[in-house]
Amino acid sequence: DNDRLKQGRITIEEFRAIYRIITHREEIIEIFNTYSENRKILLENNLVQFLTQEQYTAEMSKTIAFEIIQKYEPIEEVRKARQMSLEGFTRYMDSRECLLFKNECRKVYQDMTHPLNDYFISSSHNTYLVSDQLVGPSDLWGYVSALVKGCRCLEIDCWDGAQNEPVVYHGYTLTSKILFKTVIQAIHKYAFMTSDYPVVLSLENHCSPAQQEIMADNLQTTFGESLLSDMLADFPDTLPSPEALKFKVLVKNKKIGTLKETHERKGSDKRGKVEEWEEEVADLEEEEEEEKFKESEIFESVLGDSQDKETGVKKLPGVMLFKTKKTRKLKIALALSDLVIYTKAEKFKSFQHSRLYQQFNENNSIGETQARKLSKLRVHEFIFHTRRFITRIYPKATRADSSNFNPQEFWNIGCQMVALNFQTPGLPMDLQNGKFLDNGGSGYILKPHFLRESESYFNPSNIKESMPITLTIRLISGIQLPLTHSSSNKSDTLVIIEVFGVPNDQMKQQTRVIKKNAFSPRWNETFTFIIHVPELALIRFVVESQGLIAGNEFLGQYTLPLLCMNKGYRRVPLFSRMEYSNTEMMSLLIVTFILLVGYCFLGLHTMMNLAAMLKRATWQRAQGSFCGTASEELRP
């Protein structure tokens, strides 16, 4: 239609006309006109007023406004006059400076000198798998992609391999095998590309003593000085901090003897020295290290063809689990054992046993089923346990399709390592990725004080004292929302806004459906959420295309911690469920209000305007962003 001369190309004027249509933003024009005296130019004083009243710019000055004008105003005459045109204002609103996510949260800003057990740590389950748990491939990409996303705890299942080379795969299944040494080499290359803070290698060791020694040699040769192989002088009886362990690799495995004995053996010849380890073993469902499946069940699973609507991955039908013996004896090579320092794997028996006998450097892995029961029946004991010891939660064995549980329920009780299947997109990984955007994407987030302090009686299911936030969001519009599989701009679009946190805070609301318009839908709808524990709350925006027969189609989402929301008019990137790409993203426009209520007060604090806009992001298919604002916390 735009090729009026039918020459297979368009003129510069036709291109400009198309550009004006695509970039025309009625919402931006309305904001601009509100502060422009003549609706043509924004004076420097007008921009200062906008930045102060709408963007809540701290320590506002004309210097800041001048720098914005110089950076974004394209018309030289206007720029020299210290003014801003509509095009310059639009460029500023579409810039990284107007993202919803706080700039302060994009760097490491939290205190990183607390002991390791005071942090949530980004953790992966069966990291080597990139598909299901039974027949899918094992691949180095699992480790590379997890590390690039800021993951700090990687799982490695180790088994005896041919030619005296340990291999990594999901034992007793048809998953493929990769060499342990190549896994270690890949981790070494990418370990500190995204974060400087320590990487924990959670070894599920099924190897013979001889191949355990090969593993120990691979670890020492590959990582060298980065491998923590002795306790730090300043931390003989307490866990070090992430700061003290920068650029260090820690081995999580079973260990023989004490740290003092390990220190005394440093430098000695440990070849051929083997110790025996005996422990009680529970039913397989709760014993991660022996997730064995009957071969007949594996083939039956392969033939299964059920589909998970949420994640889009195939579900593998029921799996029969073996029962294990009451006790077992393991042979552990001293060379590998002595590489375990502050992350000794210790089987969880009971909270009482841990209080009496568990050492500071011992941590537990608990299956999601058992952990969920304990969190309901003994929540105070569970939280007391996670204050002292690193606790890892992993998916139950029946998740053969590599599906995930909701990690929020275990963050709520202070579990440090909530391990998920990173290869499986969906709500759980959206929450994982959103939470660990915080603190510079370092993979370490300081737990709230009430999950660290011994005198706290916090119970996520029974909040007695809180400072609730009333969050009000007015969703205005969308701009060039992600296309559906039919690649049509005639999608019937809607937006869902969700809150994840403690049970009382869980809530979701949605807009009405805008028919046949994904290019510039307008909603102008208002939603209100009361959030009692903002320190644990995540806000999730989801864009869908309505489907009356097959159900709604997911278009994109954005999740972030509530306390990382910026103030003022902001862009918010939408993510798809695919991997990163350089595709330009489309957007939504919202305006948000936050009211903060002190528990000592009967009334509400002042209302503050919020607004957020969305235009670009970097994920395939989901091309969108939100625009909204959020106010600063007000404490009584």
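**Strand pairing, nonpolar cores and salt bridges**

Thr-472 has Thr-528 of strand S21 as its bridge partner in this predicted model. Strand S21, spanning residues 522-531, pairs with S18 in the antiparallel sense over 8 bridges.

The largest nonpolar core comprises 63 residues, of which Ile-156, Ile-187, Leu-201 and Leu-219 touch the most other members. Apart from this core lies another, of 30 residues, including Leu-471, Ile-539, Val-543 and Leu-560. Beyond its neighbours within four places in sequence, Ile-156 is in contact with residues including Tyr-143, Val-168, Phe-180 and Glu-204.

The count of salt bridges comes to 22. In one of them, Arg-392 is joined to Glu-155, with the closest N and O atoms 3.0 Å apart. Arg-392 belongs to strand S15 (residues 391-394) and Glu-155 to strand S4 (residues 153-159), so the pair ties together parts that are 237 residues apart in sequence. Arg-392 counts as buried at 0% relative accessibility, and Glu-155 is likewise buried at 0%.

A salt bridge also links Asp-430 and Arg-540, whose closest N and O atoms are 2.7 Å apart. Because Asp-430 lies in helix H17 (residues 427-435) and Arg-540 in strand S22 (residues 538-545), this pair ties together parts 110 residues apart in sequence. Asp-430 is buried, with a relative accessible area of 6%, and Arg-540 is buried at 5% relative accessibility.

Technical notes. Residues are numbered from 1 along each chain as its sequence is written. This is a predicted model: local features need pLDDT of at least 70, side-chain atom pairs count only at pLDDT 80 or more; totals for chains, interfaces and linings use all residues. Side-chain values use heavy atoms; hydrogens and water are left out. Two strands pair if DSSP finds at least two bridges between them. Helices (H or I, at least four residues) and strands (E, at least two) are DSSP runs, numbered from the N terminus. A nonpolar core is a set of buried Ala, Val, Leu, Ile, Met, Phe, Trp, Tyr and Cys residues joined through side-chain atoms within 4.5 Å. Buried means under 20% relative accessible area, exposed over 50%, partly exposed in between (1.4 Å probe, protein chains only). Contact means heavy atoms within 4.5 Å. A salt bridge is a side-chain nitrogen of Lys or Arg within 4 Å of a carboxyl oxygen of Asp or Glu.
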